[in-house]
Amino acid sequence: MPSPRPTMTPYEGVTWYFDRAADQLHLSDDLRELMRHPWRELKVEVPVRLDNGSLKVFIGYRVQHNGARGPYKGGIRYHPSANQDEVMALASLMTWKTAVADVPYGGAKGGVQCDPNELTQDELNRLTRRYTQNIAHLLGPQRDIPAPDLGTDSRTMAWMMDAYGQLNGHTPAIVTGKPIELGGSYGREAAPGRGAVIALETWAKLSGYDLKGKTIAVQGFGQVGSWIARLAPELGCTVVAVSDIRGGVHDPKGLNVPSLLRHAASQRTVIGFAGAREITNQELLALPCDILVPAAIDQVITSRNADAVKASIILEGANHPTTPSADIVLGRKGVTLLPDILVNAGGVVVSYFEWAQNVQEFRWPEERVNRELRAVMERSTQSVVNRAQEAGVSLREAAFQIGVERVARAIELRGFV
Ligand code: NAD
């Protein structure tokens, strides 16, 4: 298989990882052709009347990558650089992630090219409703179930549920990541971060790696990153740096995470946190620390900066934060990389629990959600570590092998090929 190019689009990058797994598994040409491309792609105009009276037309996407294992499942991203290629890449990752975690879903993703920070709550509400109406014919609690992602949250999901309900009647199971009051699950907000911390803990136990006293730097202080920063100290780790879109803060002696959370809640940024040195996002990636957690956006560790990474462990909280060429550099340096399709699967795992609760109209207590999440993350991590050892491959290659294998099996059983 050819080496990855230093610069690849997100979809080219994710497909490169898929092709490598397909080669390693000796996947047939028929299966490879079917699994490589999205099943369905929708691009829509989303006209929104802004508060100042003008009309702005946004572009939205929904990509359904593969549904062999169950209804399509994947988040909705509001970001200025959301585009078809990125949404295709993220939908493909969801296909492999749901298979690695063994939840009964396929993979999808959606996005609207917009800057949510520049829109008012009323404008975001109108945008979400119009986007939902325009993709509603693809959605359904047994067809395609959106969730939050970068730039969207439980409130966005409440608006989506309401817009879908206006067309189809009250349907809580149409989205996950909803507010608790509207059928959301306890533990969903913390789930991707909690799952990431469980994956790290499980990997460390299986590898004989002592996490006590290890330092950790987290890029991104949103839903995923802030929960990793909150929970990592329970493993004995010290959080030495965090960042958001405006930059980061660093204290080699350790940041007080509860105070930092209060600061970020009131200032809407981590910048200005008392006693810490300000750093850029690029500096954060190259800080001396044991564990680096990219938990913001994709393609931040590239062939240009991979050599500068000093951490010996990378925990991928974000989706596709590492390009294939950087992956190879990190592998050569001996960095252990716990991959996105395993690490951040806790989000979709608890989304599955939320959907199951909605379908059964029965609520689980938080203790049950967290216990079942732990069981799934431990089992998934164990299977990835075992495969890596048995096949003599990296943890990313092992995770992709497991995901691709399970989807291929479902396709064969359905009689597609
Ligand atoms: P979020 O919007 O809650 O937070 C994103 C954080 O990243 C914010 O602190 C933001 O300021 C920061 N950020 C944005 N652009 C940045 C940039 N250019 N440089 C540095 N920081 C930047 O988003 P989230 O839900 O925490 O998602 C983060 C990542 O995790 C994404 O890759 C997402 O796809 C992935 N993910 C999210 C979930 C989920 O359930 N929310 C689940 C699995 C994976």
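Helices (H or I, at least four residues) and strands (E, at least two) are taken as DSSP runs and numbered from the N terminus. The model is a predicted one, in which local features need pLDDT of at least 70 and side-chain atom pairs count only at pLDDT 80 or more, while totals for chains, interfaces and linings use all residues. Residues are numbered from 1 along each chain as its sequence is written, and side-chain values use heavy atoms, with hydrogens and water left out.

Volumes are the space filled by probe spheres set on the points, which are joined across faces, edges and corners.

The second largest pocket holds about 210 Å³ of space. Two or more residues of its lining come from each of helix H10 (324-333), strand S12 (336-338) and helix H14 (395-414), and H10 provides the largest share, with four residues. With Ala, Val, Leu, Ile, Met, Phe, Trp, Tyr, Cys and Pro counted as nonpolar, Asp, Glu, Lys and Arg as charged, and the others, Gly among them, as polar, this lining comprises five nonpolar, three polar and four charged residues.

Among the residues that line this pocket are Arg 20, Asp 327, Leu 337 and Arg 396. Arg 396 lies in helix H14 and counts as buried (under 20% relative accessible area, with exposed over 50% and partly exposed in between; 1.4 Å probe, protein chains only), because its relative accessibility is 2%. Not counting residues up to four places away in sequence, Arg 396 touches (heavy atoms within 4.5 Å) Tyr 17, Arg 20, Glu 316, Thr 322, Asp 327, Leu 337, Pro 339 and Asp 340.

One cavity of 30 Å³ or more is present in the structure, and the largest cavity has a volume of about 30 Å³. Its lining consists of Tyr 11, Thr 15, Phe 18, Met 35, Arg 36, His 65, Ser 92 and Trp 96, to which helix H1 (10-24) contributes the most, with three residues.

Met 35 is also one of the residues that touch the most other members of the largest nonpolar core, which has 75 residues; such a core is a set of buried Ala, Val, Leu, Ile, Met, Phe, Trp, Tyr and Cys residues joined through side-chain atoms within 4.5 Å.

Methods
1 Å grid on protein atoms, 1.4 Å probe; cavity = no way out; pocket = protein on both sides within 12 Å on 5 of 7 lines; lining within 4 Å.
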